[in-house]
Amino acid sequence: MRLGVFGGTFDPLHIGHLVAAQNAQYAASLDHVLFVVANIPWQKEYDRDVTDPLLRLAVVSAVVDQIPGFAASDLEIRRGGRSYTVDTLRSLREAHPYDELYLIVGSDAAAQMSTWERADELPSLCRLVVVNRYGYPSPSVMPGFAAPIFAEMPWLDISSSDLRARVRDRRPLQFLLPDEAIRVIDRYGLYRDETSPTATPRE
Ligand code: ATP
Ligand code: MG
């Protein structure tokens with residue numbers, strides 16, 4: 001089996017993530033794509049309050065668990081602490097010793113990979129699938145990865161940062177993320193103000 005590993009903060013999940021995963025699946029002939037929700041995304045921990053991981057997972061699960069071939073993973077949340085891709089790939093390797101792992105990254109993330117924790121170990125653990133991201137037209141892929149697979153997708157200038165600002169400003173969200181995701185965001189009152197919500201749903 002060829003297993004795609006698509007890590008992210010997903011705060012929240014949006015159509016850009018889904019189109020990226022779909023085209024990575026196609027380009028690399030992946031049997032499954034796991035959306036791995038970061039517990040503590042260490043690059044973002046001092047920039048802003050990241051939403052409770054279980055709430056980010058709730059949005060991802062509500063959407064991707066209904067899509068054949070896609071699944072949400074709570075592996076990094078169960079592990080706790082800061083989320084490092086190298087640890088995730090190692091545990092997936094142990095859990096699926098006969099599968100080939102394909103790490104899916106947008107070209108913005110690809111350009112940062114040499115700064116990741118124990119980055120030098122990554123090429124021995126997985127192959128790399130790079131998806132084009134608006135604003136990052138020519139990804140510079142970390143040396144060490146033999147022939148990354150490039151997955152083409154339409155340029156979608158959609159980001160979680162923009163969606164959070166839209167909720168705060170009461171601007172429209174519809175069609176930028178699936179309706180199921182909007183329903184979970186509404187139910188928990190996510191992103192309405194700067195403070196991180198707790199895991200108590202609003203009814
Ligand atoms: P934020 O604005 O909070 O950083 P984001 O939209 O960048 O959120 P992340 O969770 O940081 O979302 O991204 C997870 C992965 O999805 C990264 O590899 C990123 O490159 C990729 N990705 C996110 N949005 C897009 C998009 N619109 N097109 C292609 N790839 C994307
Ligand atoms: Mg990002």
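A polar side-chain atom of Lys 44 lies 2.9 Å from an oxygen atom of ligand 1, a polar contact being a pair of N or O atoms within 3.5 Å. This is a predicted model, in which local features need pLDDT of at least 70 and side-chain atom pairs count only at pLDDT 80 or more, while totals for chains, interfaces and linings use all residues. Residues are numbered from 1 along each chain as its sequence is written, ligands are numbered from 1 in the order in which they are written, and side-chain values use heavy atoms, with hydrogens and water left out.

| Side chain | Distance to an oxygen atom of ligand 1 |
|---|---|
| Lys 44 | 2.9 Å |

On its own, ligand 1 has 600 Å² of accessible area, of which the protein covers 91% (Shrake-Rupley method, 1.4 Å probe). Strand E1 (2-8), helix H1 (15-27), strand E4 (100-106), helix H5 (107-112) and helix H7 (160-168) each give two or more residues to the shell around the ligand; helices (H or I, at least four residues) and strands (E, at least two) are DSSP runs, numbered from the N terminus. Of the 23 residues around ligand 1, those that come nearest are Lys 44, Asp 108, Arg 133, Ser 160 and Ser 161, where a near residue has a heavy atom within 4 Å of the molecule.

Strand E1 pairs with E4 in the parallel sense over five bridges, pairing requiring at least two DSSP bridges between the strands. Within this pair, Gly 4 stands opposite Tyr 102 in E4. E1 is also joined by six bridges to strand E2 (residues 32-37), again in parallel, and here Gly 8 stands opposite Val 37 in E2.

Two backbone features lie in loops. The peptide bond from Asp 11 to Pro 12 is cis, with omega near 0 degrees, and Pro 12 belongs to the loop between E1 and H1. Ala 147, in the loop between strand E5 (127-131) and strand E6 (149-151), has a positive phi near 35 degrees although the residue is not a glycine. Most residues other than glycine have a negative phi, and most peptide bonds are trans.

Conventions:
Polar contact = N/O pair within 3.5 Å; in protein donor to acceptor, adjacent residues only side chain to side chain.
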